[in-house]
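I opened this model to take notes on its fold. My entries follow in the order I looked things up.

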Amino acid sequence: MSVMPAVSGVSGVSGTTGVPGVSGASAGLPGASGVSGTSGVSGDAGEAGDMPAPLAARARLFPALVAVYRAQLSRARVARIPLLFVATFQSIGIMILMRGVVDGGSEARSVVAGSSVLVVAFVALNLLAQYFGQLRASGGLDHYATLPVPPSAVVLGAAAAYASFTVPGTAVTAVMGSVLFQLPMTNLWILLAVIPLSGAALAGLGAALGLLAPRQELATLCGQLGMSAALLLGVLPAARMPQVVSYARDLLPSTYGVEALARSFDGQPDWWVVCADLGVCAGVAVVSLAAATWAYRRAAVR
Amino acid sequence: MVCTVRGLVKTYPAARGRRGAPATPAVRASDGIDLDVVRGEVFGLLGPNGAGKSTLVRQLTGLLRPDEGQVRVLGHDLVRHPERAARLLSYLGQDSTALDELTVGLAAETTARLRGLETRAARDERDAVIEELGLGEVAGRPLKKLSGGQRRLACVAAALVGERPLLVLDEPTSGMDPVARRAVWAAVDRRRAERGVTVVLVTHNVIEAETVLDRVAVLDRGRVIACDTPAGLKALVADEVRLELVWRTEPPLEVPEVAALWKSAEAARAAGGASGRRWTLRLPPDDARAAIATVTGGPAFAALDDFTLATPSLEDVYIALGGRAEGAEGLVKV
């Protein structure tokens, strides 16, 4: 695509004759530069004045959220399905393992509930923390930051998509667990509330961790630690834990999802307590998603 | 005036050394930059790696807050209101992570939606831009699975959806084949002709800069060391031509004329232009003619493999303006 006249080759004759033509051509250039140089600039400044140009429309919250959600969901086909299998098999494996240790009753309920919510923790907390960590480290956030989209739409859309990824795995785990430990499946519909609420709480936490971690590796580490905490504190029966650990358990938002699901396995569940547990999930979700939105704003404009 | 920059300063703080990574001193990535970009022009930022091109465009797009100085885009103060940038301009960054796992079609459509378009309009724009850039065959494939050039083209598609009066493109054609490059420049030109769109373009491809830019600012260590039309810049070195000599083995320094050339090329050598078998000399036309007569006749000819004579390029301008020696290496010539 060169525009310059280049003379090349060992045929020295044509090379030598090219020289006068070359210097002649470039002699015409200074005049050309004078025309379109700085003189054009100052003329334009006078006419354009300083009238601000109209701003293009912002993307509204809900349509933007839906667009982000749809885009994120489509990523599952490319990148997430193997990980969803891992999440599900991990939880089913844990339940099979615990079958030798736990002999029915309330302990069995918490094992099944903990394993089911673990899928949520794996995907919503761990994978979302990794995703946002990676996006931030690579400069991928610039793409969203230079679009007129509300920060909450990006965070909520991504969080909702990751929470949705957990639905099949969590449902399969809960059903498998009920079969393994012979628990009643009549109240499993409660998953319809447990997955979105604990999903939102954990996804908000994961997004905030991923966006706040100073380095990508730390975001991954935080996500892994969060998931390990959900595994240990959620699956192991609470009654056998030392006092200090049970405080930590109370601090983890996934605990309340686990409790709500575990209670629903009772013959006559105390729905008020279940609702209270889910209420805690919802409260944590609001706080953590707000924190994640704040973290996104902070990460996007440096 | 579309874009005015005055006294822009941005310093990246020094980083403490960690294990395996040495400490880096503070870097003044923008060091008092003044620029004016006129409506409807393709304005280029040229410079080697690390010259501060990307830092500058990140400040133009509200992604980075300058330490000092003023950035006005279409009459809006972007230092005070960085969030307005997204409603004034479209930015193509160097990274594609945000879109990598989406299909080309969905990447364009989602970006259009997030640029505020209704579903219907977003789909129309998606189809139009995919057609325009010749991405039809790969529209259903994720960006991740595409070659580097195609992926870049898909990112350009995402940058072009949704009308914006200013396009800020950071190395839009890197890794592209000539067909894709032509498609990009045709698309940019069309927007310029039809809607008077202004383009600010980062490049370190000298040839591209010469062919597509109306004006170019040459950056070096965070400063604008020259700003003019490509032709105007080349006029700075119009009294010189570039002679490239390639020797078969060792240069025949025993020939006095060749030794004299070698000595006169001291400056070029210092700038890394001449080394070993390949010499790049910048000479007045008469001297170049004499040099060619020398090397194509007599004993020196036996040692000569190839020679090229050319008018000055922006690369020569860059060196004449005092750009760093290693900087010239960072400029792509093909």
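**Confidence.** I began with pLDDT in chain B of this predicted model. The mean for chain B is 85. Of its residues, 92% reach 70 or more. Over residues 325–330 of chain B the pLDDT is below 50. That stretch still has 17 contacts in the model beyond near neighbours in sequence. For the complex, I noted an ipTM of 0.80 from the predictor. The pTM is 0.79.

**Chain B overall.** I took the dimensions next. Along the principal axes, the C-alpha atoms of chain B fill a box of roughly 75 × 45 × 45 Å. I counted 14 helices and 13 strands in chain B. The chain has 334 residues, and 54% of them are buried. I also checked how far apart in sequence the contacting residues are. Among contacts in chain B with a separation of 6 or more, 71% join residues 24 or more positions apart.

**The sheet in chain B.** Which strand order does the open sheet show? I read 6-7-8-3-9-10, a set of 6 strands in chain B. The pairing is mixed. At the edges I found strand 6 (89–92) and strand 10 (223–228) of chain B, each pairing on one side only. From one strand to the next, the twist averages 15°.

**Strands 6 and 7.** Strand 6 of chain B pairs with strand 7 (residues 166–170) of chain B. The sense is parallel, over 4 bridges. To place this pairing on residues, I picked Ser90(B), which stands opposite Leu167(B) in strand 7 of chain B.

**Helices on the sheet.** Which strands does helix 5 (residues 148–160) of chain B touch? I found strand 6 and strand 7 of chain B, where helix 5 packs on the sheet. The direction of helix 5 makes about 170° with that of strand 6 of chain B. I then turned to helix 1 (residues 53–60) of chain B. Helix 1 lies across strand 3 (42–46), strand 7, strand 8 (198–203) and strand 9 (215–220) of chain B. Helix 1 runs at about 150° to strand 8 of chain B.

Last, I looked up the UniProt record. An unreviewed entry lists residues 109–293 of chain A as "domain: ABC-2 type transporter transmembrane". I checked that range in the model. Chain A is 82% helix and 0% strand over residues 109–293. The end C-alpha atoms of the range are 35 Å apart.

Note on methods. Residues numbered from 1 in each chain as written. Chains lettered and ligands numbered in written order. Predicted model: local features only at pLDDT ≥ 70, side-chain atom pairs only at ≥ 80, totals over all residues. UniProt positions renumbered as here; feature names shortened; annotations may be inferred. Helix = DSSP H or I, 4+ residues; strand = E, 2+ residues; numbered from the N terminus. Pairing = 2+ DSSP bridges. Axes fitted to C-alpha atoms, helices over the stretch in contact; angles between N-to-C directions. Contact = placed C-beta atoms within 7 Å. Buried ≥ 20, exposed ≤ 12 C-beta atoms within 10 Å, placed from the backbone. pLDDT = per-residue confidence, 0-100.
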